[in-house]
Amino acid sequence: VKLEGSGSAANFTGLQMRPEVAEILSNMGRIKDGAFVRQMRRWRVPHTKFFKARAVATPGFHVRNSITNGFMMIAAGGRPDFLYEAMIEYNKMHRFLKQGKTFSEYLDTIGDATQRQRVADAYRAMSGSGVGQSEEVLFDTSSIITNNPITRTSRKAGTWVESHSRFMLAYDGIRQGYDVSSATARVRKFLFDYEDVSKLDATMRQIVPFWTWTSRNVPLTIQNIYLNPRPYQIYQS
């Protein structure tokens, strides 16, 4: 059939394709219709909330997240020696802040002025890079299925993993000579800001679990394979 009309099919106007493919495109075009999207939300959002809350409430998810973040830091050009420094620094800082003390007080414990400035800049870059994947999971406070001690503990664990990763990549950037703005942009590019969403993202992530991560990671990986192929070649070997 020859495609004409609106919606998804409009992108292929004048082209010919098999009828069943044209029908799929036409059906997916309904996602632009507000009334249809509202109906989709009523049907899919409860399931998506349930799935995401349960999927991230496992140790395996957080281990996978940590390993993936580690690879992305290498793909971003991170240096293992700087990342190791950052890991040790973040652990000390995290233990200090858990005592109810402030970040400014932690900086006062760092005797070396150069290192104190590095940590301050890395913390600023981490803080400006947005939030991680655990924060994307919206808990239904009225439902014990998605909001309970297990899911709340899991969310805290996920936040720790993601903040840890963001600090390490930010610190690595500062150590490599980036200014705070450039280090922040680098973290946002490779570890993603889950609060930076378009209207499409806001709709799709209510319907498709982990939409934000997939929609950012696939194009970034394809781009990086060509711009920075070495880590991928090492992985393949």
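Me: Is Asp121 buried or exposed?
Reply: Asp121 is buried, with a relative accessible area of 15%. Buried means under 20% relative accessible area, exposed over 50%, and partly exposed in between, with a 1.4 Å probe and protein chains only. Before we go on, a note on the source: this is a predicted model, where local features need pLDDT of at least 70 and side-chain atom pairs count only at pLDDT 80 or more, while totals for chains, interfaces and linings use all residues. Residues are numbered from 1 along each chain as its sequence is written, and side-chain values use heavy atoms, with hydrogens and water left out.

Me: Which residue does Asp121 meet in a salt bridge?
Reply: The general idea is that side chains of opposite charge can pair when their charged atoms come close. A salt bridge here is a side-chain nitrogen of Lys or Arg within 4 Å of a carboxyl oxygen of Asp or Glu. Asp121 pairs with Arg124 at 3.7 Å, N to O. Both sit in helix 6 (residues 113–127), three residues apart, about one turn of the helix; helices are DSSP runs of H or I, at least four residues, numbered from the N terminus. Arg124, at 52% relative accessible area, is exposed.

Me: How many salt bridges are there in the whole structure?
Reply: A search finds eight. One of them joins Asp201 and Arg216 at 2.9 Å, N to O. Asp201 belongs to helix 9 (residues 199–207) and Arg216 to helix 10 (residues 211–227), so this pair ties together parts 15 residues apart in sequence. Asp201 is buried at 6% relative accessibility, whereas Arg216 is partly exposed at 22%.

Me: Which residues are linked in a network of salt bridges?
Reply: Arg188, Asp193 and Asp196 are. Within it, the closest N and O atoms of Asp196 and Arg188 are 3.4 Å apart. Asp196 is partly exposed at 43% relative accessible area, and Arg188 is partly exposed at 32%.

Me: At what angle do helix 7 and helix 8 pack?
Reply: Two packed helices are described by the angle between their axes and the distance between the axes. Helix 7 (residues 149–175) and helix 8 (residues 180–191) pack at about 135 degrees, with axes 9 Å apart. That makes helix 7 oblique to helix 8; angles under 35 degrees count as roughly parallel, over 145 as roughly antiparallel, 65 to 115 as roughly perpendicular and the rest as oblique.

Technical notes. Axes are lines fitted to C-alpha atoms, for helices over the stretch in contact, and angles run from 0 to 180 degrees between N-to-C directions. Helices (H or I, at least four residues) and strands (E, at least two) are DSSP runs, numbered from the N terminus.
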